[in-house]
Amino acid sequence: NDSAKLKILLEDIRSISSSLIMQFNSTNNKAFEVLGMAFTKRVLEKKNILEDSFLIPIDLHKELFTNTPNENRERADILLVKINPQTMDICFTVIEVKCRTYLSDNDRIDLLEKMQNQIDNTIESLSFHFDRSLSPNNDRLDRELKNLQLKSLLEFYINRAARYNHLSQGVYDAYLECMDNLQYGYNLKFKKLGIIFDFSAN
């Protein structure tokens, strides 16, 4: 029934972040955005893309888009994070989600361009803060602080994913060990994903 479906939807939203529940109850546009995130989580689960991975809602971390070289505040919606404990590769799949009730061909072209810009700027901002390979011979002076910032960010959502049983105990333990060794080096990798939910489609 409808109440059961709503309960499942709210649980999906809460598993990403409790703060999103408040946004869901605010403006219609915000509610639509949060709904898109919940639908995206469900799609990722069905395609087994969420396995050994966890989600970070980017909008809750606007500080990552301040004091960057281009001062561009455009950002994507979600980070899908997966870590390889053997190589210390941290893979961020940057996901931008759009929900539309009507979308013409021209609108779709414009929307795809905007999504690409949001994804690219998110990658640029994350690289600016955390990618050690950008300037290997002239690393930023606050690298230790940036390592702690990255550890804090990832650890919070690793613990959250484990709390909602989205990570197995073995993966959870391995990921926490990676966080303890973050200062010894890691590699950032990026993937891009854009999702449009077109509710006007038959």
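This briefing describes side-chain interactions in the structure shown above. The model is a predicted one. A search of the whole structure finds five aromatic pairs, and the count of salt bridges comes to nine.

**Aromatic pairs**

- Phe39 and Phe197 form an edge-to-face aromatic pair, with 5.6 Å centre to centre and 65° between the planes.
- Because Phe39 belongs to helix α3 (residues 28–46) and Phe197 to strand β4 (residues 187–198), this pair ties together parts that are 158 residues apart in sequence.
- Phe39 counts as partly exposed, at 28% relative accessibility, whereas Phe197 counts as buried, at 15%.
- Phe54 and Tyr175 also form an aromatic pair that is edge-to-face, at 6.2 Å centre to centre and with 65° between the planes.
- Strand β1 (residues 54–57) holds Phe54 and helix α6 (residues 169–180) holds Tyr175, so this pair ties together parts that are 121 residues apart in sequence.
- Both Phe54 and Tyr175 are buried.
- One aromatic cluster is formed by Phe39, Phe197 and Phe199.

**Charges over aromatic rings**

- Arg75 lies over the face of Phe65, at 5.9 Å from the ring centre.
- Arg140 lies over the face of Phe128, at 4.8 Å from the ring centre.

- Lys41 is located in helix α3.
- With a relative accessibility of 4%, Lys41 counts as buried, because the limit for that class is under 20%.
- The side chain of Lys41 makes a polar contact of 2.8 Å with the side chain of Glu45.
- When its neighbours within four places in sequence are left aside, Lys41 is in contact with Asp12, Ser15, Ile16, Leu50, Leu55 and His166.
- A network of salt bridges links Lys41, Arg42 and Glu45.

**Salt bridges**

- Side chains of opposite charge can pair when their charged atoms come close.
- Within helix α3, Arg42 and Glu45 are three residues apart, and so about one helical turn separates them.
- The side chains of Arg42 and Glu45 meet in a salt bridge, at 3.7 Å from N to O.
- Arg42 is partly exposed, with a relative accessible area of 31%, and Glu45 is partly exposed, with a relative accessible area of 30%.
- Glu96 and Lys98 form a salt bridge in which the closest N and O atoms are 3.0 Å apart.
- Glu96 is buried, with a relative accessible area of 1%, and Lys98 is buried, with a relative accessible area of 10%.
- Another salt bridge joins Lys192 to Asp120, the closest N and O atoms being 2.8 Å apart.
- Since Lys192 is part of strand β4 and Asp120 is part of helix α4 (residues 105–130), the pair ties together parts that are 72 residues apart in sequence.
- Lys192 is partly exposed, with a relative accessible area of 48%, while Asp120 counts as partly exposed at 30% relative accessibility.

Key:
Residues are numbered from 1 along each chain as its sequence is written. This is a predicted model: local features need pLDDT of at least 70, side-chain atom pairs count only at pLDDT 80 or more; totals for chains, interfaces and linings use all residues. Side-chain values use heavy atoms; hydrogens and water are left out. Rings of Phe, Tyr and Trp (its six-membered ring) pair if their centres lie within 6.5 Å; planes under 30 degrees apart count as stacked, over 60 as edge-to-face and the rest as tilted. Helices (H or I, at least four residues) and strands (E, at least two) are DSSP runs, numbered from the N terminus. Buried means under 20% relative accessible area, exposed over 50%, partly exposed in between (1.4 Å probe, protein chains only). A charge sits over a ring if NZ of Lys or CZ of Arg is within 6 Å of the ring centre and within 35 degrees of the ring normal. A polar contact is a pair of N or O atoms within 3.5 Å; within protein, one must be able to donate a hydrogen and the other to accept it, and residues adjacent in sequence count only if both atoms are side-chain atoms. Contact means heavy atoms within 4.5 Å. A salt bridge is a side-chain nitrogen of Lys or Arg within 4 Å of a carboxyl oxygen of Asp or Glu.
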